[in-house]
Amino acid sequence: MPRPNRGMQTEKSKDFVGSMKRLLKNLNPWKFLLTLSICLAIFSAIIALITPNQLSKLTDTITKGITPQTDKLQMIREQIPKQLKQSTIEEKMYTIATSLEIENEDKMAFSRILEKMEQTADDQTLFALMIQIPDSVLRVLLEDITVEKTIISVEDQITFLNLLKETNNENDLEKLDSLPPSIYQLVKPSIPINEVKILAIFIGTLYLISALFHYIESFSLTTISNKFAKKLRTSISDKINVLPLKYFDNHETGDVLSRVTNDVDMIAQNLNNSLATLVTSLTLFIGSIIMMFTTSGILAITAIFSSLIGFVFMSLILSHSQKYFSRRQKELGNMNGYIEEMYSGLTIVKTYNGTKKAIQEFNTLNDKLYDANCKSQFLSGLMMPIMNFVGNLGYVAVCLVGALLVQKNLITFGVIIAFIIYVRMFTNPLSQIAQAMSALQSTAAAGERVFEFLDEEELTSEKQITNYLDKNKVKGTIEFKNVRFGYTDKKTIINNFNAKVHPGEKIAIVGPTGAGKTTMVNLLMKFYEINEGDILIDGVSIHNLTRENIHTLFCMVLQDTWLFDGTIQENIRFNQENVSDEEIWNACKYVGIDHFIKTLPGGLNAKLSDNDTVSSGQKQLFTIARGMLEHAPFLILDEATSNVDTRTEELVSSAMDKLMKGKTSFIIAHRLSTIKNADLILVMNEGNIIETGTHEELMKQKGFYEKLYNSQFESIS
Amino acid sequence: MLKLFKNLTKKDFTYILTCTILIVFQVWLELRMPDYMSTITRLVETEGSRITDILINGGYMMLCAFGSLISAIIVGYFSTHLASNFSKNLRNKLFSKVLKLSTKEIKEFSTSSLITRTTNDITQVEMLLSMGLQMIIKAPIMAVWAIFKIINKGLEWSILTGVCVLILLSTIGILMKIVIPRFARVQKLIDQINGVTRENLTGIRVIRAFNAESFQKSRFEQTNSDLTSMQLFNQRCFAIMQPVMMLIMNGLTLGIYFIGAFLIEEALISTKITLFSNMVVFSSYGMQVISSFLMLAMIFMILPRASISANRINEVLLTDETIKEGDFDGNTKEEGTVEFKNVSFKYPDADEYLLKNITFKVNKGETIAFIGSTGSGKSTLINLVPRFYDATDGEVLIDGVNVKDYKSEALNNKLGYVSQKAVLFTGSVYDNVSFGENGKEKISLEQVKEAVRVAQGSEFVEKMADTYDAHIARGGTNISGGQKQRLSIARAIARKPEIYIFDDAFSALDYKTDATLRKELKNYTKDATILIVAQRIGTILNADKIVVLDHGEMVGVGTHKELLKTCAVYKEIALSQLSKEELENA
């Protein structure tokens, strides 16, 4: 049934053929299963094409046993009078005359009939006269006869003749039932039960095989599509790890997420459903056309033509409803967006007395949605009834034209019966093909999005790098040499930056939000490649170090408190498997979160999930504890304490100080109080490093830093 | 589910009634058609029948088909209107209800869940109505009618049909029993896949910095495998469905013919033909019976999902509103005073008090600031004023009247609330700043401009392409956080409230803007009372009164200078931000 997927808009792909090809290419590992299922699909379609013929054969066989064999009656009718030849009558005349069993009355009646018989030569009249001969006389006259190897006794013949006496119509079926057994057996139509059995077993086997094939086919396709989906998900997840961070600057999380789930799901589901449907339907469609044309050209054209009228009608509606579908989708999007917005800002809506207006606005949107909803649902609901109608139209058309042809002796009746089935076989697949094609369209579109992601440029290869810095041996010097960097080629953010950081020094990067403070971290961590110049770690250029090596050298705590779905312990330990439980607990104590952990059910084994019990400040403390375990020679704190209130921060920073001891550290902060004692302060604004120096030096300069610093004490008066 | 359908109106029921009548008509027509079909077949079969007879019967059949089409269209029209109308009303009801819910109830449901309830869940129920209504009416009528047509046409056939229906229903039943609980698990696993991927994306820097790619990969693969095997199991089970259906349908026809062959063979000659035509009729009606049971089964398959959705909707609709508005219209003698009298607060199911025994009073034109570490209860305290929560003990008075006695509109008219996280709506700058009603006339463009100026937003707004008509995208994503906050402050200013409430609203601003803004605000609203929650000492230095909170208790009240001397907690906070000299100089 061509019911367009509700709520899902058919998306057009940019390059349908290309994407499908690529999808199929990716199915290569399951080539065997795929071929198998396609073969099975074709096979079951062929079985579906064969069975109607077999079924009509079965019907024909049964029909054989319905109509009584009246020709046998005729034979008996002809045989009986033959006994009454002139010679035999004369021969038996004496017996009749002398018989004591025959009453006189009968004898007289017989002689009257005999007289009449002698006067006529017409068989028909003779027979009519013969019927009237009394039974007793007939018993003498008649002898057992054999028709078709069946012996019919005299008594049976007499009963038969008496039956004929009572009716004029020899085919009166009810009379047939009272025929004497011997004749009844002759006349009774008989179904060749053995033939029926064989046919039924044959058809039943076909059905069973077809069902079995169907199941194997669905089973294989399900296996393929799910394994394929799994592979795609893995590839996407792996891809995330090898994409440069730059990619995530211009792409939203939701976008990648929807590729992992929605797009992959769409591909898996549609491959599962549409592929088999498409193959089966195509086979049925082509098969039925071939069958139709080979049986009767005129009927084939009639059937196809009458169905096509319906399809033209349907595609008209379909194209018309597409408009409403996209409108419905749009209105639904608007409505959902509005609801989301209002619910998220509910406190504001309420405290500003915006409720009334919100409901008003909501009602307008709701009315619009209602309208689009009605129209699109109504039109899509029309498809089924129209399809049925088309089917019936085809049926009547085939019957009418067929009957005409039968009359002119151009075809036999069986052809019409076969055609009735072919019409069904022809109309059903057409709509299914249309549906499968539109599903494949969206599959291709989804495939495009997935492949587009998988094709994104990856991080540069580091295979040729052989240098390795052991984190236990690194002294801790970092030197920036003529560093130039821009996120895009057009805009250089860091221009010719030079600085040397000695082991154990504390470097602070300050500046207003959006000044590019994080950029420095990104370069140090080799998250981004610098355009020109070099950064040297212990004299080794980061170009000559693998990213993985660099990451082992740095301990990094970020502003966003990233925790995953797991226990506190798992979160703090993270991937550092050699860390003991005790070390974890010590780290917790260090950052002063131990009391809080004790209050949680399960302590360190408490699950962290999206709930209110853990505040963002506490989450941040967990991430700091995690960073502490890393024991790396360099430390990066990127607004690591921004979510913690100032008092807690004090506590943490004392822990931090311990952590930083002997380590070269980089601190990004917007609370200037935390960084006053830094050995070097880099002041950034609008992406540029505009001032460098210690706190005192910078204050003396009376530049940007000084203004920034003093603004926090500006009083109202 | 049924509770939800109480929302159907009288008009809806007339729709349903009309649909039922039409469907009965439709079923009648559809069941007539096999009769015509067999007549036509017989006519074609018998030699010498006239074309006109076929034409007449064909015409009748087409009339039936056409009638059924028309009635299906009308039923479709009614049922879509019914379903759309139902969902429209329900959506409206739910939306209005959610707007009435208090912060506590919203937290319990969670905003995102409320959103899905208003959108997805309603769509689910609507789908059931628009698709299922026709089926639910049609399937039983069809089944019963078709059964009546064949019931006395052959016991053996009836038994066979019964067995087929039984097999069909038990197959579906078993499948549902196996698969449905697993569906819920699949949903969970999909959420998990989403979750892990989201983790990988949001924590990409952390993961790379820790070289934890393979750690995360194994976490992802775990879920991925679980999901795949669960899906595989489900879908493999479901793959049985279609072949079995086909087998039953085909098997029924074959079975009827097979049994028929024996029945006819044994019958008297006189009854053979009747039996044969009965057989043909039976096979087509038997199919109708099966397909109507199939329809019923389908309803039972979509029913569970819809009924879960219906329950979720009902849950919201039946929630008691814990915060009920009073009937005081807000005409007070006093103006601009806020008083807390022995206020304590705890969440209804919590053991621990978040606020204990808070008492203070601010007068017209004064500024009061609340400071304390994370979790000290300062935001909670301030939330008691606009009644996001109600005090557990004690009283919160505005202009001498308990906030619980106010009509909520009257209370809100006195307040200008700015939240920590700036909330903006889709629309122009003007729409956003003039948002809501304040019991006075509509806020003019001039007032908006003035408010934006005070909030230090003129510069950036006037730089935007359409200045005050400039479009703010959903969630304000096209302007920066600081700009958003300035507009949300301007929105409060434009209301000209008696009392301002700033819940940590200045943290998103840099120090400079923060200072200028507060200076301007003070000049602009000399008579207004201001309540500020802040983290920065700098923000509250000049407040008339500072309340220091620690673990829900007031540990100090006074001016900055007084507190520095008297309050240890305050001093600690201050020192964590500024050096001694700076504090003294300030």
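**A chat about two chains**

Mentor: Let me begin with one pair: B:Asp503 has B:Val533 in E10(B) as its bridge partner.

Trainee: Before we go on, what kind of model is this, and how do the numbers and letters work?
Mentor: This is a predicted model, where local features need pLDDT of at least 70 and side-chain atom pairs count only at pLDDT 80 or more, while totals for chains, interfaces and linings use all residues. Residues are numbered from 1 along each chain as its sequence is written, and chains are lettered from A and ligands numbered from 1 in the order in which they are written.

Trainee: Okay, back to that pair. Which strand holds B:Asp503, and which way does it run next to E10(B)?
Mentor: B:Asp503 is the residue paired with B:Val533, and strand E9 (residues 499-503) of chain B is joined to E10(B) by 5 bridges, the two running parallel. Strands here are DSSP runs of E with at least two residues, helices are runs of H or I with at least four, and both are numbered from the N terminus. Two strands pair if DSSP finds at least two bridges between them.

Trainee: What else is joined to E10(B)?
Mentor: Strand E3 (residues 367-371) of chain B is, through 4 bridges, and these two run parallel. There, B:Thr367 stands opposite B:Ile530.

Trainee: How many residues of strand E10 of chain B are buried?
Mentor: 5 of the 5 in strand E10 (residues 529-533) of chain B, so the strand is largely enclosed by the rest of the structure. Buried means that 20 or more other C-beta atoms lie within 10 Å of the residue's own, exposed means 12 or fewer, and partly exposed is in between, with C-beta atoms placed from the backbone.

Trainee: And which way do they point?
Mentor: B:Thr529, B:Leu531 and B:Val533 point one way, B:Ile530 and B:Ile532 the other way, and all are buried.

Trainee: What about B:Asn357?
Mentor: B:Asn357 is not a glycine either, and its phi is positive, about 55 degrees. You will find B:Asn357 in strand E2 (residues 355-362) of chain B, and with 15 other C-beta atoms within 10 Å it is partly exposed.

Trainee: Can we zoom out? How is chain B divided?
Mentor: Into domain 1 (2-317) and domain 2 (338-551), with bounds from an automatic or database domain assignment. The centres of these two domains of chain B, taken over C-alpha atoms, are 54 Å apart.

Trainee: How many helices and strands does chain B have?
Mentor: Chain B has 20 helices and 12 strands. Its radius of gyration is 36 Å, well over the 25 Å that the globule rule gives for 586 residues, so chain B is more spread out than a compact globule. That radius is taken over C-alpha atoms, and the rule is 2.2 Å times the number of residues to the power 0.38.

Trainee: And chain A, how many there?
Mentor: Chain A comes to 26 helices and 14 strands. With a radius of gyration of 48 Å, well over the 27 Å from the globule rule for 717 residues, chain A is also more spread out than a compact globule. Its C-alpha atoms fill a box of roughly 160 × 55 × 50 Å along the principal axes, and 40% of its residues count as buried.

Trainee: How many residues does each chain bring to the contact?
Mentor: Chain A brings 123 residues and chain B 127, where contact means C-beta atoms, placed from the backbone, within 7 Å. Helix H16 (residues 355-407) of chain A gives the largest share of the chain A side, 26 residues.

Trainee: One last thing: in what order do the strands of the open sheet in chain A come?
Mentor: The order is E4-E3-E6-E7 (chain A), with antiparallel pairing. Strand E4 (494-501) and strand E7 (540-541) of chain A stand at the edges, each with a single partner strand, so one side of each is left without a neighbour in the sheet. Strand E6 (residues 532-537) of chain A is joined to E7(A) by 2 bridges, and A:Leu536 stands opposite A:Ser541.

Key:
Two residues are in contact if their C-beta atoms, placed from the backbone, lie within 7 Å.
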